[in-house]
Amino acid sequence: LHKTMYVLFLHFQILGAVILGFGIWILADKTSFIAVLQMSSPSLKTGAYILIAVGALTMLMGFLGCLGAVNEIRCLLGLYFTCLMIILLAQIAAALVIYFQKETLKVELSNIVVDLIENYDPSDEDKRNLQDAWDYVQTQIACCGWTGAKEWENNEILRNKSNTEYPCSCSNRSKDLVEGRGFCNLEDPLNGTATYADWPVHEQGCMDGVEQWLKDNLGIILGVCTGVAVIELLGMILSISLCKNIHSEDYTKVPKS
């Protein structure tokens, strides 16, 4: 039983490191759609900090649990059990919140992207990382706008230029994608105001592609979380068993009167 607990606690050290690393990756990623979310939505930043805290706590609990198992210290095993139970309940609560708030999150995501498109300005260095992340999304998914290229007509800079320019990252021409950001000029200037239909860009919006990306990654995340929850539950059961075992051994050592 002691060897089993030791191996389990070692796994918790690894799992804690993985959770910690995942939280840091969310905060540090500047080149994918995660960057658009974490720089625009305070809730994702908060979630990343929570992941970092949970990862660090899991690693600490793995150490304390291992110490308690090796030295048969019941209070450390009890503390380990309590923290595991809190983490497990927090994971269940977070999963329920995400499930019941998914439509709200979808609307929030749509508003974030639409606002980003309307205020896109290549000369704004303060929003450079956020805008580069969205350019990366449009380039990788081969899409334009959230629901379609027409949304880019609401961009203030393009309106002022009568839509004779278009976002380079939306282009279906390889030479525009070399630049990959900012605006490109129409080769054949039109008299008057152009429309998105005159741009050499992808017609479909990014919404379906992004939702599919989130679903694919969510499946991986849920799978990992399920595996972690199973190991946590196993750790709780084994820690209680070891506590009882220690209690029984101590009781047998008491001299009979």
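Q: Is Cys143 buried or exposed?
A: In this predicted model, Cys143 has a relative accessible area of 0%, so the residue is buried.

Q: And what does Cys143 form with Cys206?
A: Cys143 and Cys206 form a disulfide with their sulfur atoms 1.9 Å apart, and the link is right-handed, with 95 degrees about the S-S bond. The pair links distant parts of the chain, 63 residues apart, with Cys143 in the loop between H6 and helix H7 (156–160) and Cys206 in the loop between strand S2 (183–185) and helix H9 (207–252).

Q: How many disulfides does the whole structure have?
A: A search of the whole structure finds three, and with the bonded cysteines numbered in sequence order the pairing is 1-6, 2-4, 3-5. Among them is the disulfide that joins Cys144 to Cys170, with an S to S distance of 2.2 Å. Cys168 and Cys184 also form one, with their sulfur atoms 2.0 Å apart, and both of these residues are buried.

Q: Switching to H6, how far apart are its end C-alpha atoms?
A: They are 20 Å apart, which agrees with the 20 Å that the 14 residues of helix H6 (residues 128–141) should span at 1.5 Å a residue. The helix is followed by Ala142, whose phi is positive, near 60 degrees.

Q: Which residues make the nonpolar surface patch?
A: The patch, of about 640 Å², is made by Met85, Leu89, Ile92, Leu96, Tyr99 and Phe100. Tyr99 is found in helix H4 (residues 74–100) and counts as exposed because its relative accessibility is 52%, over the 50% cut-off.

Methods:
Residues numbered from 1 in each chain as written. Predicted model: local features only at pLDDT ≥ 70, side-chain atom pairs only at ≥ 80, totals over all residues. Heavy atoms only, no water. Helix = DSSP H or I, 4+ residues; strand = E, 2+ residues; numbered from the N terminus. Expected span 1.5 Å × (residues − 1). Patch = residues over 30% accessible without salt bridge, like charges linked within 9 Å, V, L, I, M, F, W, Y side chains within 5 Å. Areas by Shrake-Rupley, 256 points an atom, 1.4 Å probe, with all protein chains shown as cover. Salt bridge = Lys/Arg side-chain N within 4 Å of Asp/Glu carboxyl O. Buried < 20%, exposed > 50% of the residue type's maximum accessible area, 1.4 Å probe, protein only. Disulfide = S-S within 2.5 Å.
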